[in-house]
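Open the model in your viewer and hide everything but the cartoon. The tour below goes from one selection to the next.

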Amino acid sequence: MQYFVVNSLTVLISYKGKNVDESQCKVAMAKDGVVFNDVVKALQKISQYIHKTPVLTCSQADKRSGRNLYFKCEFQQKTGSFKARGALNAVLKAKERSANCAGFVTHSSGNHGQALAWASQVAGTPCYVVVPEMAPEVKKSAIRGYGAQLVQCGAQPQDRYDACDRLQQELNLEFIPPYDHFDVIAGQGTISLEFLDQVPSLDAILVPISGGGLSSGIAIAAKAIKPDIKVYLVTPRGKKMEECLKTGRRPWHGPPQYLDTIADGIRLQQTGHITTPILTELAEKEVFEMDEEEIVLGMKFAFERMKVVIEAAAGASVAAAFSNKLKTMDPKMVNIGVILCGGNVDINHLPW
């Protein structure tokens, strides 16, 4: 697949011999400013530092699902999750804007914190990560291992924001959030460029969602390349994401809350103010809501049958691929991409 940048809004794609003018796609420009060209430039910027993660297949998974499943192995990405893509793109873009940047700060349940710590190390810049006390120790240890300063906070989402604000003001740091950031979204979208190059026949992609940076980036890029592809969101119970997509409004009120779920990477209930409009426009209205038992079974299948270590958020995607909901969908939707978003699981405290 080749990418020819025509201007900031139009990209001509030579895709398996077929030319596609992005200006003619319904997703040529996301309403809040992230365009396909941003994703292409992100891949050009970060590709020398990240892995092009493999795609796995499994005949037993296909049999259980009734579809052809293709598992995108982001648990094999730098820092153990897809987050390295968006964090590095954001850090490198920030360094371009200001070479004298004093450092970066973020809040994270673990994966984004590791990713920003690693990206800051690549860029030679200090990094501070605010982490809730209940985050898995394996993730906190990894953040320290990448050279970042770890700052622990209380259990509520607002505690994260308050701590970040304090550090940002005291140390003159640049804040890079986990999902609600143009450069982060563009970086996560590079998964679609790889995935559709590896498996051009994909009919749909199942994406686990927390704040929406991953799913927004994937939707922007995938639907620019292949407008008919479906992008389905996968959540724990209680997120209200389907209500959000069907009404076009954010159904959450008050400060952000955490869902009660073993999938710590996708426990945030609300999606972002930048990501939500992208998703209401581009994601499918049907959402896969998985319960705790299904998530555990998804993890166990990956461990036992596929011989891979994934975290619970990725287990939710596997569960969605095996769900009755998918079985009842359009039988012409044959080739399904499954995003295995991360593998940073504490093996001393598995959810079963």
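**Two helices**

α8 and α9 are oblique to each other. This is a predicted model. Select residues 190-198 for helix α8 and residues 213-225 for helix α9: they pack at an angle of about 45°, with their axes 7 Å apart. The crossing of α8 and α9 is right-handed. Now show the side chains of the contact: α8 contributes I191, S192, L193 and L196, while α9 contributes L214, I218, A221, A222 and I225. Of these contact residues, eight are nonpolar, one is polar and none is charged.

**A buried glutamine**

Next select Q188, in helix α7 (residues 182-188). Is Q188 buried or exposed? Q188 is buried, with a relative accessible area of 1%. Beyond its neighbours within four places in sequence, Q188 is in contact with F82, K83, R85, G86, P178, G213, L214 and I218. L214 and I218 also belong to the α9 side of the contact with α8.

**The sheet**

Move to the open sheet of six strands, ordered β4-β5-β13-β10-β11-β12 with mixed pairing. The edges are β4 (55-56) and β12 (287-290); each has a single partner strand, so one side of each is left without a neighbour in the sheet. Select residues 68-73 and 335-340 to see β5 and β13, which pair in the parallel sense over six bridges. Within this pair, K72 stands opposite I339 in β13.

Bring back α8: this helix packs on the sheet, touching β4, β5, β10 (204-208) and β13, and its direction makes about 135° with that of β5. Finish with helix α12 (residues 292-306), which lies across β4, β5 and β12 and runs at about 90° to β12.

Key: Residues are numbered from 1 along each chain as its sequence is written. This is a predicted model: local features need pLDDT of at least 70, side-chain atom pairs count only at pLDDT 80 or more; totals for chains, interfaces and linings use all residues. Side-chain values use heavy atoms; hydrogens and water are left out. Axes are lines fitted to C-alpha atoms, for helices over the stretch in contact, and angles run from 0 to 180 degrees between N-to-C directions. Helices (H or I, at least four residues) and strands (E, at least two) are DSSP runs, numbered from the N terminus. Angles under 35 degrees count as roughly parallel, over 145 as roughly antiparallel, 65 to 115 as roughly perpendicular and the rest as oblique. A crossing is left-handed if the near helix is turned anticlockwise from the far one by less than a right angle, and right-handed if clockwise. Contact means heavy atoms within 4.5 Å. Ala, Val, Leu, Ile, Met, Phe, Trp, Tyr, Cys and Pro count as nonpolar, Asp, Glu, Lys and Arg as charged, and the others, Gly among them, as polar. Buried means under 20% relative accessible area, exposed over 50%, partly exposed in between (1.4 Å probe, protein chains only). Two strands pair if DSSP finds at least two bridges between them.
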